[in-house]
Amino acid sequence: MNKQLALLTLMLSLGATMPSSADTPTPFGIAIHGGAGTISKAKLTEEQEQAYRDKLEEAVNAGHKILAKGGDSLDAVKAAINILEDSPLFNAGYGAVYTFDGAHELDASVMDGKTLNAGAVAGVKHIKNPIDLALLVMNKSDHVMLSGSGAEEFALTQGMALVPANTFDTDSRYQQLLDAKAKIKAAESAAKDFHASATSLDLDYKFGTVGAVALDKNGNLAAGTSTGGMTAKRFGRIGDSPVIGAGTYAENGVCAVSATGHGEYFIRYHVAGDICARIKYQQKNVIQAADEVINQRLQQAGGSGGVIAIDAQGNVATPFNTEGMYRASRVGKDDPVIMIWRDK
C-alpha cells in the first residue's frame with residue numbers, strides 16, 4: 001500500500017473527509033473609482049479628504065452588500081455608481097463639470113461579462129443617473145449606444161423621468177469652468193491656434209470619472225463607468241467613458257475594467273479591452289496586464305489616467321500614472337480598502 005492510499009484509509013477510519021470545492025469560499029468582490037488626476041495632498045484639507053473617503057466607502061459597501069447576499073454583479077455596479085453620481089464630489093451626475101457653453105453633457109456605459117451585452121449613452125443633459133439609462137439601453141433596446149436627445153427620448157419610453165438641466169449646477173464646478181475658459185482663451189490668443197487649448201489645461205480639467213467593476217458569486221463579471229466629461233469641452237466632445245473597450249469592458253472568465261483618464265488616449269489605445277486581451281490571450285494576471293497598459297504603453301504615448309480591474313478569481317488591480325486616484329475595493333469577507341494616493 002503506498003503512502004497516499006494509507007493516508008486516505010486512515011482519514012476515512014477516523015471519520016475525516018477530503019476537502020471539497022464546497023469548502024472553498026466562492027470568490028466575489030467589487031472595486032470602484034472616483035477619478036484620477038493631480039490629486040495633491042496639499043490641496044485637500046483633512047475634512048475634504050475624509051468626505052471623499054466616506055463617500056467611497058459608502059459606495060463600495062453598497063455594492064459589496066449586494067454581492068455578499070448572492071446578488072448580481074450588474075446590480076452591485078449600478079448601486080455603487082449611483083451613490084457616486086449623486087455626490088457633488090465626483091465628476092458624474094450631480095457633480096458633473098460644465099461644457100464651454102455652460103451646460104452639462106453626461107456619458108455612461110455598462111457591460112455584462114456573462115453575455116458580452118453592453119449599453120451606453122453619450123451627451124445626455126436631463127438624466128439624473130446616466131448609468132441607469134445605459135442599463136436600459138443594454139436591456140431594453142437593440143442598440144449599444146444612444147446619444148443626446150435621442151437617448152432622452154428613449155428614456156421617456158422606458159418611464160424614466162427627465163430632470164431640469166440646472167439639476168447638475170454646482171458653484172465649485174462653475175468656478176472651475178471660468179478658470180478653464182480663461183486659460184483656454186489666453187492660450188488660443190497667444191498661439192493663434194484652437195489646438196492650443198489642449199495643452200493649456202492641467203489634468204484636473206481634462207478628466208474625471210466614476211466607475212465600478214464587480215464579480216458575483218455566480219462568477220459573473222460586470223463593469224460600468226459614468227462621467228461629466230472634460231471641463232470646457234466643445235462641439236459635443238465624447239470621451240472614452242461610453243465607449244466599450246476603451247473606458248469599460250467585461251468578459252466572464254477574464255476580467256472587468258473601468259477607466260478614468262484623458263479619454264482621447266484611452267479610445268485610441270483601447271485601454272479596457274487591451275487589459276482583458278492580455279489576460280485572455282497572453283495568460284497574464286490582472287495586476288501585470290493592467291500595469292503594462294497604464295504604466296507602460298499608455299504613459300509612453302503621453303496618456304494619463306488609471307483603471308480599476310477585477311478578474312474571475314476576485315483579484316483586484318488599481319494602477320494609475322497620475323498623482324492620485326480615488327479608489328476603493330472590498331473582496332469577500334475582507335474590510336473595505338479606501339485609497340487616494342499611492343501610499344494610503
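I began at the start of helix 11, where a side-chain oxygen of Asn285 comes to within 3.1 Å of the backbone nitrogen of Ile287. I count a polar contact as a pair of N or O atoms within 3.5 Å; within protein, one must be able to donate a hydrogen and the other to accept it, and residues adjacent in sequence count only if both atoms are side-chain atoms.

The model is predicted, so I note that local features need pLDDT of at least 70, side-chain atom pairs count only at pLDDT 80 or more, and totals for chains, interfaces and linings use all residues. Residues are numbered from 1 along each chain as its sequence is written, and side-chain values use heavy atoms, with hydrogens and water left out.

**Helix 11**

I took helices (H or I, at least four residues) and strands (E, at least two) as DSSP runs, numbered from the N terminus. Helix 11 covers residues 286-301, 16 residues in total, and spans 21 Å from its first C-alpha to its last. That is close to the 22 Å expected at 1.5 Å a residue, the expected span being 1.5 Å times one less than the number of residues.

I found a kink of about 30° centred on Val293; the bend at a residue is the angle between axes fitted to the seven residues ending there and the seven starting there. Val293 is also among the buried residues of the helix, as are Glu292 and Leu298. Buried means under 20% relative accessible area, exposed over 50%, partly exposed in between (1.4 Å probe, protein chains only). The cover over the buried residues includes helix 9, helix 10, strand 9 and strand 10, with contact meaning heavy atoms within 4.5 Å. Just after the helix, Gly302 has a positive phi of about 100°.

**Disulfide**

I looked for disulfides (cysteine sulfur atoms within 2.5 Å) and the structure holds one. Cys255 and Cys276 form it, with their sulfur atoms 2.1 Å apart. Cys255 lies in strand 8 and Cys276 in helix 10, so the pair ties together parts 21 residues apart in sequence. The link is left-handed, at -115° about the S-S bond. Both Cys255 and Cys276 are buried.

**Strand 1**

I then checked strand 1 (residues 29-37): nine of its nine residues are buried, so the strand is largely enclosed by the rest of the structure. Strands pair if DSSP finds at least two bridges between them. Strand 1 runs antiparallel to strand 5, joined by five bridges, and His33 stands opposite Gly211 there. With strand 11 the pairing is also antiparallel, over seven bridges, and Ile32 faces Ala328 as its opposite residue.
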